[in-house]
Amino acid sequence: MDQKTTVTLLELAAKSLLNNEPAAIHALDEIPRDLFVPLFNAAFLGGHKTVLKAMVQVWPFRCLHIGSLNTRESSYDILEAMIDGLQILPAQNSSSWGPKLRILDLRPDLDCETICSEIGTAFPFCLQSCIYSQRSIFYIEDAQHSVRCLGIGNSGSEPHSAQEPMELLVDISLNSTVRTEQFLSLLCSKVQQNFGSLHLCCRGLRIHRMSALKSILQFLDLGCIEHLEMDQANLREVVTLLARVIHLNSLTLCNIPFKSYKRRNFRSFLLWLGQLDNLQELSLTFFCLTDQLHTLLRVVPPQLDTLYLPFCSLSNRDVTVLSQSSQATHLRVLSLSNNQIFSEVYEPFQTLLEKVSSTLQHLEINNCMITDSTLSAVLPALSHCTHLRVLSFAFNPITMPVLKSLLQHLTSLMKLKYVIYPVPVHCYEEWNFHESLDRQKLAEVQAQLEAVLHGAQRDDMTWATCSK
Ligand SMILES: [Zn+2]
Ligand SMILES: [Zn+2]
């Protein structure tokens with residue numbers, strides 16, 4: 001029997017067990033460990049909250065990740081059932097049977113398996129365990145180990161030795177809805193109940209306005225946060241938080257009102273941004289940066305690989321600065337959409353493309369007023385971006401002949417699979433005015449492009465448009 005058949009059989013067994021929830025819960029004491037993961041997946045996808053709670057209580061592995069199982073805010077009740085089942089284990093819980101859960105990870109992550117393979121008994125046993133907080137398993141066990149090595153293990157001075165330290169990994173979205181507040185309140189009370197033993201480890205924090213923030217912040221170690229997203233906060237509030245989230249991987253700021261960019265606030269923003277040594281992704285939307293990009297690039301790490309700057313009122317000078325920056329040779333993802341960077345000259349962008357050509361995988365230049373002549377001029381540089389997978393240049397005034405010529409050039413980029421192209425100008429009576437779009441003409445355009453793709457044996461490449 002091959003592995004795939006075994007997996008399918010386990011899935012079938014799990015599903016049939018769930019037809020009778022009380023029986024499924026009763027069986028948890030007896031079923032083999034191998035059945036736990038398929039049973040968990042089936043219970044999660046089927047919304048069997050009572051079974052999920054019971055499974056967390058007796059989980060026979062040291063970590064549990066919801067990983068790729070799809071969850072949205074509407075699934076709060078499922079996550080709550082799992083949190084409810086989380087119980088702190090007594091120390092020295094070394095029996096081969098019985099509950100073992102030490103890390104419950106409620107973050108959606110497409111690349112994460114339900115459990116980490118158990119290589120050994122020593123820490124770190126889980127790929128996602130916290131390495132920053134003083135309340136993490138890593139830190140506490142390291143402290144306990146040091147105490148033991150000093151030979152004072154029986155003095156009763158070991159930190160939290162009666163219970164196993166545990167971690168609850170979450171992404172938190174502060175959006176002021178009643179449901180979110182209920183969820184946060186459950187998180188807070190769980191931490192309070194298990195103070196000292198349970199580390200609430202928030203890796204992703206999304207804040208829509210600064211509402212309801214203060215009450216949850218006292219329960220979080222902000223040094224654990226890897227992804228921070230803030231929408232409609234003023235720059236002073238951003239700076240206050242930025243000073244405490246020193247291990248950020250990615251920072252997304254959207255709709256930061258321009259009137260809050262007082263000189264002192266902007267200087268502080270740059271100061272704290274410069275402290276984020278792990279930063280790899282920076283996304284600023286509706287963040288006015290005209291002739292200021294150099295100040296930003298001076299402080300962000302050179303290894304930054306994602307730079308999103310739509311609606312940032314960038315100038316040609318800013319593009320020139322970007323092309324000369326150390327970041328330019330590392331960028332994998334770049335968005336300069338909705339900036340009028342082609343209104344005067346195209347050379348800065350052309351130079352930038354040459355610089356990023358050895359790394360760039362994803363490029364967005366939608367609504368930048370790119371014309372036929374500009375596109376033709378930058379085409380040779382674009383053709384050198386051999387790692388490019390996604391190109392989006394919608395809402396630019398391009399004609400059909402130039403679009404076809406572009407397609408013919410780009411078919412040589414074998415990694416390029418997805419292109420969002422602008423509706424050619426002849427399809428509109430009045431360019432870019434949605435009501436004047438001739439859908440028949442657009443359908444003919446699509447057919448012609450597909451014919452060229454087919455002729456070039458590039459049916460694996462998708463060309464689509466945003467016409468809505
Ligand atoms: Zn794990
Ligand atoms: Zn942590």
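Here is a walk through this predicted model, from its confidence scores to its helix packing, an aromatic pair and one histidine.

Some ground rules: residues are numbered from 1 along each chain as its sequence is written, and chains are lettered from A and ligands numbered from 1 in the order in which they are written. Local features need a pLDDT of at least 70 and side-chain atom pairs count only at 80 or more, while totals for chains, interfaces and linings use all residues; side-chain values use heavy atoms, with hydrogens and water left out.

Let's begin with confidence. pLDDT is the predictor's confidence in each residue, from 0 to 100. The protein chain averages 88, and 91% of the residues score at least 70. Over residues 155-160, though, pLDDT stays under 50. The model has 13 contacts for that stretch beyond four places in sequence, a contact being heavy atoms within 4.5 Å. Where pLDDT is low, the predicted coordinates should not be read in detail.

Now for the helices, which are DSSP runs of H or I with at least four residues, just as strands are runs of E with at least two, both numbered from the N terminus. Two packed helices are described by the angle between their axes and the distance between the axes. Axes here are lines fitted to C-alpha atoms, for helices over the stretch in contact, and angles run from 0 to 180 degrees between N-to-C directions.

Take helix 3 (residues 36-45) and helix 4 (residues 49-58): their axes come within 9 Å and cross at roughly 150 degrees. The two are therefore roughly antiparallel (over 145 degrees; under 35 is roughly parallel, 65 to 115 roughly perpendicular and the rest oblique). Phe36, Leu39, Phe40, Ala43 and Phe44 in helix 3 meet Val51, Leu52, Met55 and Val58 in helix 4. By class, that contact has 9 nonpolar, no polar and no charged residues (Ala, Val, Leu, Ile, Met, Phe, Trp, Tyr, Cys and Pro count as nonpolar, Asp, Glu, Lys and Arg as charged, and the others, Gly among them, as polar).

Further along, helix 12 (residues 316-323) packs against helix 13 at about 20 degrees, with the axes 8 Å apart. This pair is therefore roughly parallel. Asn316, Val319, Thr320, Leu322 and Ser323 in helix 12 meet Pro348, Phe349, Thr351, Leu352 and Lys355 in helix 13. Those residues divide into 5 nonpolar, 4 polar and 1 charged.

Helix 13 (residues 347-356) also meets helix 14 (residues 372-383), with axes that come within 8 Å and cross at roughly 10 degrees. That makes helix 13 roughly parallel to helix 14. Here Phe349, Gln350, Leu353 and Glu354 meet Ala377, Val378, Ala381 and Leu382, and the contact has 6 nonpolar, 1 polar and 1 charged residues.

On to the rings. The whole structure holds 10 aromatic pairs (rings of Phe, Tyr and Trp, its six-membered ring, with centres within 6.5 Å; planes under 30 degrees apart count as stacked, over 60 as edge-to-face and the rest as tilted). Phenylalanine 286 and phenylalanine 311 have ring centres 4.2 Å apart and planes at 15 degrees, so the pair is stacked. Phenylalanine 286 lies in the loop between strand 7 (281-285) and helix 11 (293-299), and phenylalanine 311 in the loop between strand 8 (306-308) and helix 12, so the pair ties together parts 25 residues apart in sequence.

Last stop: histidine 362, in strand 10 (residues 362-364). Not counting residues up to four places away in sequence, histidine 362 touches Tyr308, Arg332, Val333, Leu334, Leu388 and Val390.
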